[in-house]
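Here's a quick briefing for anyone meeting this structure for the first time. Take a look at it, then read on.

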Amino acid sequence: MGYVHEKLMITTERLVLRLFETTDAKTIAKLCNNYNIYKSTMYLPYPYSLDDALSWMEHHYDNFTKDISYEFAVTDKEIGELYGAIALSNNKRFKQGEIAYWIGEEHWEKAMPRRRRSRLFNSLLKKRNCIKYLLDIFQRTPLLEK
């Protein structure tokens, strides 16, 4: 697993976590316009539109550079297909962060095993110097059963 500072991305054996691009908006809208994703998350509207995706991505880069939060697209390393998102908020005052993620339902079978998720989350937290964190666990997805 490695962090590529120049590209603001993290790579694993199978995945690339990178900043979102406006060209991802259509795929985000398709993946998030899903009732099972909606009921498994705290903040996604349903139905989910292209405008929702564009609005959500609007401040990602600024938040990243200001050390506020880090929103990454979860993509396949070989073909670049967008699977979902993972985010880390950074509360500097209390030295804690919150990790949240969603994976499009059609990609649940490609989910990260629990061991790999733990390594990835720990890597993100070390990079941001967070001492503790809250993990949003979406219990209704098979993602956590692997």
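A residue is called buried when its relative accessible area is under 20%, exposed when that is over 50%, and partly exposed in between (1.4 Å probe, protein chains only). This is a predicted model, where local features need pLDDT of at least 70 and side-chain atom pairs count only at pLDDT 80 or more, while totals for chains, interfaces and linings use all residues. Residues are numbered from 1 along each chain as its sequence is written, and side-chain values use heavy atoms, with hydrogens and water left out.

**A buried serine**
- S69 sits at 11% relative accessibility, so it counts as buried.
- You'll find S69 in strand 4; strands (E, at least two residues) and helices (H or I, at least four) are DSSP runs, numbered from the N terminus.
- Leaving aside residues up to four places away in sequence, S69 touches N63, F64, L88 and S89, where contact means heavy atoms within 4.5 Å.

**The core**
- A nonpolar core is a set of buried Ala, Val, Leu, Ile, Met, Phe, Trp, Tyr and Cys residues joined through side-chain atoms within 4.5 Å.
- The largest one here has 31 residues, and L17, F20, I28, Y48, F72, V74 and I86 are those with the most contacts inside it.
- Elements giving two or more residues to this core include helix 1 (25–32), helix 3 (50–57) and strand 4 (69–76).

**Two helices meeting**
- In helix 1, A25, K26, I28 and A29 meet L50, A53, L54, W56 and M57 of helix 3.
- Sorted by class, that contact has eight nonpolar, no polar and one charged residues; Ala, Val, Leu, Ile, Met, Phe, Trp, Tyr, Cys and Pro count as nonpolar, Asp, Glu, Lys and Arg as charged, and the others, Gly among them, as polar.

**Aromatic rings**
- Searching the whole structure turns up seven aromatic pairs. Rings of Phe, Tyr and Trp (its six-membered ring) pair if their centres lie within 6.5 Å; planes under 30 degrees apart are stacked, over 60 edge-to-face, and the rest tilted.
- Y35 and Y38 have ring centres 5.7 Å apart and planes at 40 degrees, so this pair is tilted.
- Y35 is partly exposed at 46% relative accessibility, and Y38 is partly exposed too, at 33%.
- F64 and Y70 make an edge-to-face pair, 5.1 Å centre to centre with 90 degrees between the planes, and both residues are buried.
- Ring pairs also link F20, W56 and W102 into a cluster.
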